[in-house]
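Subject: Structure handover and findings

Hello,

I am passing on the structure we spoke about. Please look through it first; my notes on what was found follow below.

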Amino acid sequence: MSAPILEVKNLSTRFSRRAGLLVRRHVNVVHAVDNVSFFLGEGEVLGLVGESGSGKSSLARTLLRLVPASEGSVFLEGQDFLSLDGAALTRARGRIQMVFQDPYASLNPRMTIFDALAEPLAVHHRCPRAEIPARVTELIERVGIPRAHLRKYPHEFSGGQRQRIAIARALALEPRVLVADEPVSALDVSIQAQIINLLSGLVREFGLSLIFISHDLSVVKHLSDRVAVMYLGRIVEIGDAGLVIGNPIHPYTRALVSAIPVPDPTAGSDARILLSGDPPSPYAPPPACPFHPRCAHAIDACRTTPPVLEAIAPRHEVACLRARELQQIPFPAGTPR
């Protein structure tokens, strides 16, 4: 296998909550991203899933240095991205771009679509100024919006059209890595399929490497080559999409997969896994395995020994002390309900 285009090693991001009127002091620390490691191959799509608050968006923003990392490293095409500054950082930012969840909030309402797409080209000097109009036209038409709309403002477009514009802007600098943070969650179902197909086509056409963040595991399975499952800031399972979603091992992944809607709800009702309790507070996560208070398979060791990602099959890793035992229990048969 060739060297990964993106490699993340022991990445952590912490946010402090402060209190006090005159003397500000740290009260609590949230481990939004906790010792995360993974790689992204060239032309690969990695799906990132998990409940709200699991750290998916914080991880994405840390990768792009929109929030500072507390520990760890991010290597982009072999270069330590977190250590760059000045002109080197500006050049590197063009190689990794992001599509945000809310396309209206990510577009400047005072700028026309032409200006929004032309700005990164001008700032990064990607082409002579005289060629910018042609390049902008090419971008907007590639995402399915007529060039006649270039002089309009964001509020004149639908949500799906705005997300297409956001994708075009992300492509303006010809990135190698694209991070899409729940790009279809705010859109109608029919429009979601169009945006998913657009992203899939762009990955093939431009050889992009894509990190696709979503709550919808059926979409993630359709689009992704590999899937990583996050819980409370940690990756608890990662591997080929067919393995992670088709044969999940970690109890949390099994619960997520069992919740995928099926055409006949009554046919799959027996397979639904209901987790006990509520997700723990990120200010006071459980010790050792953060999932043990909600896990039907937890043993005493889960309360004292932190699990680490362990390969249980080729291209399939699980962070669970009982992974080998659970591997022998078919899914969904035999799984506690």
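Two rings of Phe, Tyr or Trp are taken as a pair if their centres lie within 6.5 Å, and a pair counts as edge-to-face if the planes are over 60 degrees apart. By that rule there are three aromatic pairs here. Please keep in mind that this is a predicted model.

Aromatic rings

One of the pairs joins Tyr231 and Phe291, with 5.2 Å from centre to centre and 85 degrees between the planes, which makes it edge-to-face. Tyr231 belongs to strand S9 (residues 226-231), while Phe291 is in the loop between helix H9 (251-258) and strand S11 (310-313), so the pair ties together parts that are 60 residues apart in sequence. Are these two residues buried or exposed? Buried means under 20% relative accessible area. Tyr231 is buried because its relative accessibility is 3%, and Phe291 is buried too, at 2%. Together with Tyr252, Tyr231 and Phe291 make up one aromatic cluster.

Two arginines also sit over rings. The charged end of Arg151 is over the ring of Phe114, 4.3 Å from its centre. Arg65 lies over the face of Phe81, at 6.0 Å from the ring centre.

The sheet

In what order do the eight strands of the open sheet come? The order is S6-S7-S8-S3-S9-S10-S12-S11, and the pairing is mixed.

Strand S7 (residues 177-181) pairs with S8 (residues 209-213) in the parallel sense, over five bridges. Within this pairing, Val179 stands opposite Ile211, and Asp181 has Ile213 as its bridge partner. Strand S3 (residues 45-49) is also parallel to S8 and is joined to it by four bridges; there, Gly47 is the bridge partner of Phe212.

In a regular strand the side chains alternate between the two faces of the sheet. In S8, Ser209, Ile211 and Ile213 point one way and Leu210 and Phe212 the other way, all of them buried. Five of the five residues of S8 are therefore buried, as under 20% relative accessible area is the limit.

Nonpolar cores

The largest nonpolar core has 59 residues. Those with the most contacts inside it are Val136, Ile140, Ile167, Leu210, Phe212, Val227 and Val229. Helix H6 (residues 189-206) gives the most to this core, with six residues. There is also a second, separate core of 30 residues, which includes Ile5, Leu40, Leu63 and Val74.

What does Val227 touch, leaving aside its neighbours within four places in sequence? Val227 is in contact with Leu46, Gly47, Val49, Val220, Glu237, Ile238, Gly239, Ala241, Val244 and Ile245.

Helices H3 and H5

The buried residues of H3 are Ile113, Phe114, Ala116, Leu117, Ala118, Pro120 and Leu121. Helix H4 (132-142) and H5 are among the parts that cover them. After H3 comes His125, whose phi is positive, near 55 degrees. Helix H5 (residues 159-171) lies across S6 and S7 and runs at about 175 degrees to S6.

Leu107 is in the loop between strand S6 (96-99) and helix H3 (113-123). This residue counts as buried because its relative accessibility is 4%. Apart from neighbours within four places in sequence, Leu107 is in contact with Pro154, Arg162, Ile165 and Arg169.

Positive phi angles

Two glutamates in loops are worth a look. Glu77, in the loop between strand S4 (71-76) and strand S5 (79-80), has a positive phi of about 50 degrees although it is not a glycine. Its relative accessible area is 33%, so Glu77 is partly exposed. Glu182, in the loop between S7 and H6, has a positive phi of about 45 degrees and is not a glycine either. At 8% relative accessible area, Glu182 is buried.

Regards

Definitions and conventions
Residues numbered from 1 in each chain as written. Predicted model: local features only at pLDDT ≥ 70, side-chain atom pairs only at ≥ 80, totals over all residues. Heavy atoms only, no water. Core = buried A, V, L, I, M, F, W, Y, C linked by side-chain atoms within 4.5 Å. Buried < 20%, exposed > 50% of the residue type's maximum accessible area, 1.4 Å probe, protein only. Contact = heavy atoms within 4.5 Å. Phe/Tyr/Trp six-rings, centres within 6.5 Å; stacked < 30°, edge-to-face > 60°. Lys NZ or Arg CZ within 6 Å of the ring centre and 35° of its normal. Pairing = 2+ DSSP bridges. Axes fitted to C-alpha atoms, helices over the stretch in contact; angles between N-to-C directions.
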